[in-house]
Amino acid sequence: MNFNPKHKATNLLLLIASFAIVSLILWNTNSFFKKFKEEERNKMEIWAMAQSEFLSLAVDADPGNLHIKIFQNNTSTPMILVNKDNSIKVNNMPLAFLKDTSLIRKKIATFSNENRPISIDYKGETLATLYYGNSEVLNKLKYYPIALLLIICLFGTVIYFLFKTNKTSEQNKLWAGMAKETAHQIGTPLSSLLGWNELLKTENINPEIAKEIEKDIYRLETITERFSKIGSLPILKECDIVEETKNAFEYLRLRSSKFIQFSFHSQVEHMPVLLNSALYNWTIENLVKNGIDAMKGKGSIAIEIIPHGQMVRILISDTGSGIPKKNFSTIFTPGVTSKKRGWGLGLSLAKRIVEEYHKGKIKVLSSSKEGTIMQIALKINR
């Protein structure tokens, strides 16, 4: 598919603008984080200075209101103060830490990695060492860029799937419109062929010729009906799944190469299922034709109908070269094909007919170098 260059340029500009905005936000966040960390460092240095003066005071000296105010205002930064006599004090931390020296050592190592310890000195003598960690606000701010990136990724994913869904919807409308137009275009020569065939019947020709032409005209009518139903909700009627499958199978058998062996087997004589006959027959034909293509026109095709609880399973097997297991889930995607010619729509249409219109399931049951078995599962109408 070719995209408009203007649209490509617009998308590129939007991508660059989005990247620039995200980069700016992350840069500002990082700058704010560093600034906040510096301010917290300054606050801790002031606290250490006040502590230094406090420790140097005489026992009976008045510490003054300033020192007390500084100590009381620090309520968010976790701290561990190790005095020169190895006594330990903690602030803004659970008191349980004081009872477990191993926890204290681990916390000191953690705080040392987060922030450079502050030495509390007085007249050249080290009175204590202050270890402090990041405050709760700083820790939350540290994870903000990650949360922002996750939100942006989530938003981008939603936008991507929105555009993808919109694009798929537009493609579906396009295919539906093309299918209906094709059905309309076929209708005109088809009506003419019906008239010519009736005229042939009045002539002195072999009746079998007119009969075979009539079969092919009926076939064209069926194809026209199929295309006309694309994009609209088909009407389902109770049909015999055995008879419908056999009819589609027999039509292909009579018109296929003699180098292909066909076999049909059903474990039941009749089985009622809600079907749209034209679309279901189309599915069977697509699967059989895919099998014939996989065998390169020579091999065996078999269909088996097996009741299974509330469901009936239709197995279509061939003796072709098989499908790689990694491709089991992608072969039903529109446009995916291993053939040199073709649009890769047969299996995607089959999946849509079975799963969206008939509420059944279709899958690759098994595949190897000896051949492939495709399975359709439909609900029995009881």
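A residue is called buried here when its relative accessible area is under 20%, exposed when it is over 50%, and partly exposed in between (1.4 Å probe, protein chains only). The model is predicted, so that local features need pLDDT of at least 70 and side-chain atom pairs count only at pLDDT 80 or more, whereas totals for chains, interfaces and linings use all residues. Residues are numbered from 1 along each chain as its sequence is written, and side-chain values use heavy atoms, with hydrogens and water left out.

Helices (H or I, at least four residues) and strands (E, at least two) are DSSP runs numbered from the N terminus, and two strands pair if DSSP finds at least two bridges between them. An open sheet of 4 strands has the order E2-E1-E4-E3 with antiparallel pairing, and its edge strands, E2 and E3, each pair on one side only.

| Strand | Residues |
|---|---|
| E2 | 88-91 |
| E3 | 118-122 |
| E1 | 79-83 |
| E4 | 125-132 |

Strands E1 and E4 are joined by 5 bridges, and Met-79 stands opposite Tyr-132 in E4. Helix H3 (residues 101-114) packs on this sheet, touching E1, E2 and E4, where contact means heavy atoms within 4.5 Å.

The buried residues of H3 are Ile-104, Ile-108 and Phe-111; seen down the helix axis they fall within an arc of 70° (taken from the directions from the axis to the C-beta atoms), so they line one face of H3. These buried residues pack against E1, E2 and E4, while the face turned away from the buried side carries the exposed residues Arg-105, Lys-106 and Asn-113.

Note on methods
Axes fitted to C-alpha atoms, helices over the stretch in contact; angles between N-to-C directions.
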